[in-house]
Amino acid sequence: MASARADDAPDERPQGGIDDELIGLDPDDPETRAFAEHLDRMQRQPPGFTVEGSLAGVEQFADSANRAGGLRRLTAVVVVSLILLGVAVSIWYYLGDLVSVFFD
């Protein structure tokens, strides 16, 4: 007996959406694949109010920072450095308060 799933999805490629935008383009062309990935990133909208959505946002930021060059990459490095500096200062003050509570 044949599976109903095999009849529903004969091939692995997603239908609609991005495929409609790429009609007539060569799917093996690297520029076409890069454009398809760009469209996929633009149309993807993960929920921002969940942990998974927040982590997806961090992942997208890291990917875009890695693709960027020049001033944009420098700006991303500075932003991340300032965030890490803020976390380090917060931990330093918290540890200072913790030590003062236990040893005073």
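How many helices and how many strands are there in the protein? There are five helices and zero strands, where helices (H or I, at least four residues) and strands (E, at least two) are DSSP runs, numbered from the N terminus. Along the sequence the pattern reads α-α-α-α-α.

This is a predicted model, in which local features need pLDDT of at least 70 and side-chain atom pairs count only at pLDDT 80 or more, while totals for chains, interfaces and linings use all residues. Residues are numbered from 1 along each chain as its sequence is written, and side-chain values use heavy atoms, with hydrogens and water left out.

Next, display the surface. Of the 104 residues, 10% are buried, meaning under 20% relative accessible area (1.4 Å probe, protein chains only).

Now select Thr32, which lies in helix H3 (residues 30–43). Thr32 counts as buried because its relative accessibility is 10%. Leaving aside residues up to four places away in sequence, Thr32 touches Leu22, Leu25 and Asp26; contact means heavy atoms within 4.5 Å.

Finally, select helix H4 (residues 51–67) and helix H5 (residues 71–103), whose axes come within 8 Å and cross at roughly 140 degrees. The axes are lines fitted to C-alpha atoms, for helices over the stretch in contact, and angles run from 0 to 180 degrees between N-to-C directions. H4 is therefore oblique to H5, since angles under 35 degrees count as roughly parallel, over 145 as roughly antiparallel, 65 to 115 as roughly perpendicular and the rest as oblique. Phe61, Ala65 and Asn66 of H4 meet Arg73, Ala76 and Val80 of H5 in this contact.

Key. Buried < 20%, exposed > 50% of the residue type's maximum accessible area, 1.4 Å probe, protein only.
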